[in-house]
Amino acid sequence: MKEKVLTPDFLFEVSWEVCNKVGGIYAVLSTKAATLKQQLGDGLVFVGPDLWFDQESPFFLPDAQTTLSDWAKCANREGLKVRVGRWNVPGEPQVVLVDFRAFYSQKNAVYGQMWEWYGVNSMAAYGDYDEGCTFAY
């Protein structure tokens, strides 16, 4: 009997380097995007931080007709500021960019929850910890 292979309807990949060319992880994600897009179509969704506040990202292609457009409208109405579109890499997968800046005012509460839930100690944190943690939240 042939074993049935299950394929997910959606695969979400979350990374700081989605539409944010920083280093090696960007290269890994962007090169596997075309292959995964062939297999999953618009079921492939990359999620990253919206870091382009003063200008448009050259890596983000706005697209109001993605399968996540209705969800994005609801999320924005609820106070989670997101943009949906395509990542300007081979395969042009769907992307969700999250503007996490509104959570800065709640960062101490977020850090408290991270400690309670996962034992993550933020007492010695410095540098870009605030951005990464509030985006993760």
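Author: The secondary-structure elements named below are DSSP runs numbered from the N terminus, where a helix is a run of H or I of at least four residues and a strand is a run of E of at least two. The model is a predicted one, in which local features need pLDDT of at least 70 and side-chain atom pairs count only at pLDDT 80 or more, whereas totals for chains, interfaces and linings use all residues. Residues are numbered from 1 along each chain as its sequence is written, and side-chain values use heavy atoms, with hydrogens and water left out.

The loop in question runs between strand 4 (82-87) and strand 5 (94-98), and E92 is found in it. The backbone of E92 has a phi near 40 degrees, which is a positive value in a residue other than glycine. As background, most residues other than glycine have a negative phi. E92 is partly exposed, with a relative accessible area of 37%. On this scale, buried means under 20% relative accessible area, exposed means over 50%, and partly exposed lies in between, with a 1.4 Å probe and protein chains only.

The surroundings of E92 come next. Leaving aside neighbours within four places in sequence, E92 is in contact with K37, L61, R86 and W87, a contact being heavy atoms within 4.5 Å. F60 is 32 residues away from E92 along the chain, and the C-alpha atoms of the two are separated by 9.4 Å.

C19 is not a glycine, yet its phi is positive, at about 55 degrees. The place of C19 is the loop between strand 1 (11-14) and helix 1. C19 is buried, with a relative accessible area of 1%, whereas E92 is partly exposed.

Helix 1 spans residues 24-40 and includes V28. V28 is partly exposed, at a relative accessible area of 46%. Its C-alpha atom is separated by 9.8 Å from that of E17, which is 11 residues apart from V28 along the chain. L36 also lies in helix 1, and this residue is buried, with a relative accessible area of 16%. Residues up to four places away in sequence not counted, L36 touches L11, G41 and L44. Between L36 and G24, 12 residues apart along the chain, the C-alpha separation is 18 Å.

Helix 2 (residues 69-77) has S69, A72 and A75 as its buried residues. They cover an arc of only 115 degrees around the axis, which puts them on the same side of helix 2; the arc is that of the directions from the helix axis to the C-beta atoms. On the other side of helix 2, the exposed residues are D70, K73 and R77. Just after the helix comes G79, with a positive phi of about 105 degrees.

Helix 3 (residues 107-118) can be described in a similar way. With 12 residues at 1.5 Å each, helix 3 should span 16 Å, and its end C-alpha atoms are 16 Å apart, which agrees; the expected span is 1.5 Å times one less than the number of residues. V110, Y111 and M114 are the buried residues of helix 3. They lie on the same side of helix 3, because they cover an arc of only 100 degrees around the axis. Their cover includes helix 4 (129-136). The face turned away from this buried side carries the exposed residues N108, A109 and E116. G119 follows helix 3 with a positive phi near 75 degrees.

Finally, the whole chain. There are 4 helices and 5 strands, and along the sequence they follow the pattern β-α-β-β-α-β-β-α-α. The C-alpha trace spans about 50 × 45 × 35 Å along its principal axes. Of the 137 residues, 36% are buried. Among contacts between residues at least 6 apart in sequence, 63% join residues at least 24 apart. The chain exposes about 8,800 Å², with carbon and sulfur atoms supplying 55% of it; accessible areas come from the Shrake-Rupley method with a 1.4 Å probe, and for residues only the protein chains shown count as cover.
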